[in-house]
Amino acid sequence: MNVKRYMGASVQEIMSKVRMELGPDAVILSQRSVRKQGLMGWFQPPMIEVMVAFEEGREPLRPAPKPKPKYPPIPAQTPRAGDKPVIPPPQTSGVPTAQARAAASAIAEVLSGQRGKQGAIVPPVFLAPDEMPARTPAQDDLSRPSPAARASAPDQDLVRKVDRLSEMLSNVSLNLTSLSSSGSVASSLSSDIGPLYLRLIEQEVSPDLALTLAREGERLAREEGMAAFEAMKTAVANCLGEGAPLKPGKARQQVVLMAGPTGVGKTTTLIKLAALQSVKENRRIGIINADTYRIGAKEQIATYAEILEAPLSVVYETDGLTGAMRAQRDRDVLFIDTAGKKPSDEKHKEDVRKIIKTCKPDRIFVIVSSATGNRACMEIVRNCEYLKDYSLIFTKVDEAPSLGVILNVAHSSGMPVAYLTFGQKVPDDIGAADTGKIASAILGEGEAW
């Protein structure tokens, strides 16, 4: 069998070509809608691709050559002044022939048993031109699609794609503009600091913050006699502040609250942190699960709690939190997992406030996924302003397209970074934040953990 590909604007057009070239024995293998390659393909309607198989050894038919006229063609005559224009007689090929009428009747019989949304299908009636009634202006208006109908047509998909493409082009333009202005700023800095400033920009550190750090790096290099890289590393590390990992407290129990939106790895981070305290710090841990919204959260925590031999309490209302804490008062560290919701959800904020008022946590950790980008992370910390004091945990650092988000969020919130997570292994893939390592990684040297 041989296979041939046909492209056309419609299936009917392609099938006409197939029947003409390959005959009635050709077999349709597949049919799909495709777009032309390149940028202009988004602005044109999709084409139909049909794969056809035909018998081996049979060549596709070619259109028969046009017969040569028996008589030579009459040369065109140039009209002379005064000649009347010749008006061609009206064409009557639009009137259905007897064969077409019979075919239409057969189709109507096949479809007569089918019912659409509005009832039975009415067979078509063909009228000759002289039998057709005159159309009124009102009928002409009704025959035109309304603006709403045009908006609901399949072109909407094309409009959405064009809008998305326009947004992408706009972002590219903004990035090019930013890079151009960054290049001019870098030229105003010292030859050693300029490249490090551009490195901050590449890591998506906000331009204003990057320039402030570059000026501070120049000052440290000039006044303290530091090398350019060490001066910039010191400036970035100072901006991040000191790390704030969980440390053994006083004799009484430490209560740790985990907060953050859905999808950032909050529950997994709690498990890693609890295992870290249990295995490496040899502390007795307890877990209270207040995240009863997410499917599977209870089972996930229960599995690890059993492995760590840690008691697990599940509370569905804030009123049950006091009793759960009392039942685990012998634990050194008590972790409380809260539900993940949209950062701007006011009801969720009120629920967290009630939990904080009831459990009075010693530490609050806000979980931020560094893989979600600057915009989403900044929205998270903006909506955490109702929390007076907390520390940051950045998850999925190994998946982050850039590390500048850590610096941006820490600087904007003014809160310290406590931990980074960088994989799926429990408890290995979590570590206390080392601001020196983070600064070096942002500047292009080593890993952040």
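These legends go with a set of close-up views of one predicted model.

The model is predicted, so local features are described only at pLDDT of at least 70 and side-chain atom pairs only at pLDDT 80 or more, while totals for chains, interfaces and linings use all residues. Residues are numbered from 1 along each chain as its sequence is written, and side-chain values use heavy atoms, with hydrogens and water left out.

**View 1. The whole chain, before we zoom in.**
The chain has 15 helices and 13 strands. Helices (H or I, at least four residues) and strands (E, at least two) are DSSP runs, numbered from the N terminus. Of the 449 residues, 36% are buried. Here "buried" means under 20% relative accessible area, "exposed" means over 50%, and "partly exposed" is in between (1.4 Å probe, protein chains only). Now for contacts, meaning heavy atoms within 4.5 Å: among those between residues at least 6 apart in sequence, 70% join residues at least 24 apart.

Two strands count as paired if DSSP finds at least two bridges between them. Strands of a sheet pair through backbone hydrogen bonds, either parallel or antiparallel.

Thr-269 is buried, at 2% relative accessibility. Leaving out residues up to four places away in sequence, Thr-269 touches Met-258, Ile-367, Ile-393, Thr-395, Thr-421 and Ile-430.

**View 2. Strand 12 and its two partners.**
Strand 12 is mostly covered, with 5 of its 5 residues buried. Strand 11 and strand 12 run parallel and are joined by 3 bridges; in this pairing, Phe-394 stands opposite Leu-420 in strand 12. Strand 12 and strand 13 run antiparallel, again with 3 bridges. Here Tyr-419 stands opposite Ala-432 in strand 13.

**View 3. Two pairs of aromatic rings.**
How many aromatic pairs does a search of the whole structure find? It finds 2. Rings of Phe, Tyr and Trp (its six-membered ring) pair if their centres lie within 6.5 Å; planes under 30 degrees apart are stacked, over 60 edge-to-face and the rest tilted. Phe-365 and Tyr-419 have ring centres 6.0 Å apart and planes at 85°, so this pair is edge-to-face. Phe-365 is in strand 10 (residues 363–369) and Tyr-419 in strand 12 (residues 417–421), so the pair ties together parts 54 residues apart in sequence. Phe-365 is buried at 0% relative accessibility, and Tyr-419 is buried at 2%. Phe-422 and Trp-449 have centres 4.9 Å apart and planes at 10°, so they are stacked. Phe-422 is buried at 16%, while Trp-449 is partly exposed at 36%.

**View 4. Asp-337, tucked into strand 9.**
Asp-337 is in strand 9. Is Asp-337 buried or exposed? Asp-337 is buried, with a relative accessible area of 0%. The side chains of Asp-337 and Thr-267 are joined by a polar contact of 3.0 Å. A polar contact is a pair of N or O atoms within 3.5 Å; within protein, one must be able to donate a hydrogen and the other to accept it, and residues adjacent in sequence count only if both atoms are side-chain atoms. Not counting residues up to four places away in sequence, Asp-337 touches several others, including Met-258, Lys-266, Leu-270 and Ile-288.
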